[in-house]
Amino acid sequence: MTNLTLNDLKQICIEDQIPIIQEEALSFILDLIEKEKIESILEIGTAYGYSAICFSLKNTQVTTIEKDVFRAKMANSFIKDMKANVKLIVDDALNVNNLVGPYDLIFIDAAKSKYINYFEKFSKLLSPKGIIITDNMYFHNLTIENTNNRGTKSLLKKLENYKDYLLTHKDFETQILNLGDGLAISKRK
Ligand SMILES: C[S@@+](CC[C@H](N)C(=O)[O-])C[C@H]1O[C@@H](n2cnc3c(N)ncnc32)[C@H](O)[C@@H]1O
């Protein structure tokens, strides 16, 4: 593929039903990258690389982790095609133990049931003034009361636990913003 644009990549994600960051959340993060002079980013959950490539275009070094081999293969070809400054690791993020860091921004956008595990593991790699952003805090505005699906209910409970975990964390303060599907912004106290 040649001359691929971000818009082409976005369309491919939509056609292949690959969930990607919503525009409102993306533009908030891109502004934050500039404002906070963020240079290094760790992303958990690459999919086809859309958000990672967008972040890298702000002159950042992005490391991103994807466990699905097919998605990672697609991401790699898009990263190459767009000559993006993105390093892709193909593995379950919870098995990746050789990252050095520190990272100025950690973006958590993988399995919602594992958010606490990602936060616990990767917050250790955050630079002193770094920011952790977690996507999909609102989970399409579903609530435990208005859903009958047991799997969804259990996921919503885990998201609630994660919110409580963030809001009562002794070392981090968190704001949950009504942007895209809900972004949690966590900074050290
Ligand atoms: C919402 S998508 C990521 C979207 C991407 N950040 C974007 O906006 O373009 C979530 C991805 O996380 C991956 N994933 C889920 N659990 C993971 C894990 N434990 N380690 C690495 N990747 C994981 C899924 O395979 C999926 O491709």
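Student: Which residue in β7 stands opposite phenylalanine 172?

Tutor: Keep in mind that this is a predicted model. β6 covers residues 172-177, and β6 and β7 are joined by 6 bridges and run antiparallel. Across from phenylalanine 172, the residue in β7 is arginine 188.

Student: Which glycine takes a positive phi in the hairpin of β6 and β7?

Tutor: Look at the turn that links the two strands. There are 5 residues between β6 and β7 in this hairpin. With phi near 55 degrees, the one you want is glycine 180.

Student: Okay, zooming out: which strands stand at the edges of the sheet, and why is one side of each left without a neighbour?

Tutor: The open sheet has 7 strands with mixed pairing, in the order β3-β2-β1-β4-β5-β7-β6. From one strand to the next, the twist averages 15 degrees. Each edge strand has a single partner strand, so one side of it has no neighbour in the sheet. Those edge strands are β3 and β6.

Student: In what sense do β4 and β5 pair, parallel or antiparallel?

Tutor: In general, strands of a sheet pair through backbone hydrogen bonds in either sense. Here, 5 bridges link β4 (residues 103-108) with β5 (residues 126-134). Isoleucine 106 stands opposite isoleucine 132 in β5. The sense of this pairing is parallel.

Student: And what is the bridge partner of isoleucine 132 in β7?

Tutor: Now we go to the pairing of β5 with β7. These strands run antiparallel and share 4 bridges. In β7, isoleucine 132 is partnered by serine 186.

Student: Let's do helices. At roughly what angle do the axes of α5 and α6 cross?

Tutor: α5 is residues 115-122, and α6 is residues 150-167. In α5, residues including Tyr115 and Phe119 meet α6 residues, among them Leu159 and Tyr162. By class, that contact has 7 nonpolar, 1 polar and 1 charged residues. The two axes come within 9 Å and cross at roughly 30 degrees.

Student: What about the ligand: which residues come nearest?

Tutor: There are 21 residues around the ligand. The ones that come nearest are Ile21, Gly45, Glu66, Arg71 and Asp109.

Student: How far is a backbone N or O atom of alanine 93 from a nitrogen atom of the ligand?

Tutor: In glutamate 43, a side-chain N or O atom is 3.3 Å from a ligand nitrogen. For lysine 67, a polar backbone atom is 3.2 Å from a nitrogen of the ligand. For the backbone atom of alanine 93, the distance is 2.9 Å.

Student: How much of the ligand's accessible area does the protein cover?

Tutor: Start from the ligand on its own, with 610 Å² of accessible area. The share that the protein covers is 91%.

Student: Last one: which two residues does a cis peptide bond join?

Tutor: Head for the loop between β3 and β4, where you'll find proline 102. Omega is about -5 degrees at this bond. The residues joined are glycine 101 and proline 102.

Technical notes: Residues are numbered from 1 along each chain as its sequence is written. This is a predicted model: local features need pLDDT of at least 70, side-chain atom pairs count only at pLDDT 80 or more; totals for chains, interfaces and linings use all residues. Side-chain values use heavy atoms; hydrogens and water are left out. Two strands pair if DSSP finds at least two bridges between them. Axes are lines fitted to C-alpha atoms, for helices over the stretch in contact, and angles run from 0 to 180 degrees between N-to-C directions. Contact means heavy atoms within 4.5 Å. Ala, Val, Leu, Ile, Met, Phe, Trp, Tyr, Cys and Pro count as nonpolar, Asp, Glu, Lys and Arg as charged, and the others, Gly among them, as polar. A residue is near a molecule or strand if one of its heavy atoms lies within 4 Å of it. A polar contact is a pair of N or O atoms within 3.5 Å; within protein, one must be able to donate a hydrogen and the other to accept it, and residues adjacent in sequence count only if both atoms are side-chain atoms. Accessible areas come from the Shrake-Rupley method with a 1.4 Å probe; for residues, only the protein chains shown count as cover.
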